Amino acid sequence: MRNTDLSQKRLKFLLHYEPWTGIFTWRVYRIQIARVGYRAGFIKESGYRCISVDNVSYRSGRLAWLYMEGYWPEHEVDHKDLVRDNDKWDNLRHKTSQCNSRNRSIRTDNTTGVAGVMLAKKTLKYRVQIGISPGKKKFMGTFKNLDDAVMARWEAEKRYNFPNCLVCSSSFLYLKGRNLI
């Protein structure tokens, strides 16, 4: 459960948010916590910047939303560029957790450069799958060449409404870069 007792008025009294940089600075002196003008918060292991206000820790992206819009976001605040501590206002958007989970970096063990497309070592064919809901993946088939596999992934993304969630699809970029779409 998210603590939403903090008001926009209280937040603006304590902190200043600069939308062009995404940085919060303290407006008030707080013993052992902050000095006026100093940057607020700390980066957690997860990569998100958190700021403690009135003994409650908040992600700075959520605070930016409250600061700018005047209300707590119902869902998640997503970072378009996938940089978790880049809280510039034009980098933040309000999305459901399902949509937010679709906007993520390609796995480090991905060898094709396209999300959901992997080379099966035994058959040397490309397998295509797509996550359509938490814990549920749909297999789209196997393909002899990478272009066909990526096209199948792109078609699946459109079918399952991924373009509304992704800032930039790796399958779209691949196909566009090869003039296939």
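This report walks through the helices, sheets and cores of one predicted model.

## Ground rules

The model is predicted, so local features need pLDDT of at least 70 and side-chain atom pairs count only at pLDDT 80 or more, while totals for chains, interfaces and linings use all residues. Residues are numbered from 1 along each chain as its sequence is written, and side-chain values use heavy atoms, with hydrogens and water left out.

Helices (H or I, at least four residues) and strands (E, at least two) are DSSP runs, numbered from the N terminus.

Strands β1 and β2 run antiparallel, joined by 4 bridges. Two strands count as paired if DSSP finds at least two bridges between them. Tyr17 stands opposite Phe24 in β2. The two strands form a hairpin, with 4 residues between them. In the turn, Gly22 has a positive phi of about 80°.

## The sheet β3-β4-β5

Three strands form an open sheet here, in the order β3-β4-β5, with antiparallel pairing. β3 (42–43) and β5 (56–59) stand at the edges with a single partner strand each, so one side of each is left without a neighbour in the sheet. β4 and β5 share 4 bridges in the antiparallel sense. Ile51 has Tyr58 in β5 as its bridge partner.

Helix α2 lies across β4 and β5, running at about 85° to β5. Axes are lines fitted to C-alpha atoms, for helices over the stretch in contact, and angles run from 0 to 180 degrees between N-to-C directions.

## The largest core

Nonpolar side chains tend to be buried together in soluble globular proteins. A nonpolar core here is a set of buried Ala, Val, Leu, Ile, Met, Phe, Trp, Tyr and Cys residues joined through side-chain atoms within 4.5 Å. Buried means under 20% relative accessible area, exposed over 50%, and partly exposed in between (1.4 Å probe, protein chains only).

The largest nonpolar core has 21 residues. Leu6, Leu15, Phe24, Ile51 and Leu63 have the most contacts inside it. At least two residues of this core come from each of α1 (8–14), β1 (15–18), β2 (23–26), β4 (49–53) and α2 (60–69). α2 gives the most, with 5 residues. Apart from this core lies another, of 10 residues, including Val117, Trp154, Tyr174 and Leu175.

What does Ile51 touch? Contact means heavy atoms within 4.5 Å. Leaving aside neighbours within four places in sequence, the contacts of Ile51 include Leu15, Phe24, Trp26, Val56, Tyr58 and Leu63.

## Trp65 in helix α2

Trp65 sits in helix α2. It is buried, with a relative accessible area of 9%. Leaving aside neighbours within four places in sequence, Trp65 is in contact with Gly70, Tyr71, Trp72, Pro73, Val77, Trp89, Arg93 and His94. Trp65 and Leu92 are 27 residues apart along the chain, and their C-alpha atoms are separated by 8.2 Å.

## The sheet β8-β9-β10

This open sheet has 3 strands, in the order β8-β9-β10, and the pairing is antiparallel. β8 and β10 stand at the edges, each with a single partner strand, so one side of each has no neighbour in the sheet. The twist averages 30° from one strand to the next. β8 and β9 pair over 4 bridges. Met118 has Arg127 in β9 as its bridge partner.

## Helix α4 and its cover

Helix α4 lies across β8, β9 and β10, at about 10° to β9. The helix has 14 residues (146–159) and should span 20 Å at 1.5 Å a residue. The expected span is 1.5 Å times one less than the number of residues. The end C-alpha atoms are 20 Å apart, which agrees.

At the start of α4, a side-chain oxygen of Asn145 reaches to within 3.1 Å of the backbone nitrogen of Asp147. After the helix comes Asn161, with a positive phi near 65°.

Which residues of α4 are buried? They are Leu146, Ala149, Val150, Ala152, Arg153, Trp154, Ala156 and Glu157. Their cover includes β8 (117–120), β9 (125–133), β10 (136–143) and α5 (170–177).

## Ser171 in helix α5

Ser171 lies in helix α5. It is buried, with a relative accessible area of 0%. Not counting residues up to four places away in sequence, Ser171 touches Val114, Val150, Arg153, Trp154 and Glu157. A polar contact of 3.1 Å joins the side chains of Ser171 and Glu157. Such a contact is a pair of N or O atoms within 3.5 Å; within protein, one must be able to donate a hydrogen and the other to accept it, and residues adjacent in sequence count only if both atoms are side-chain atoms.
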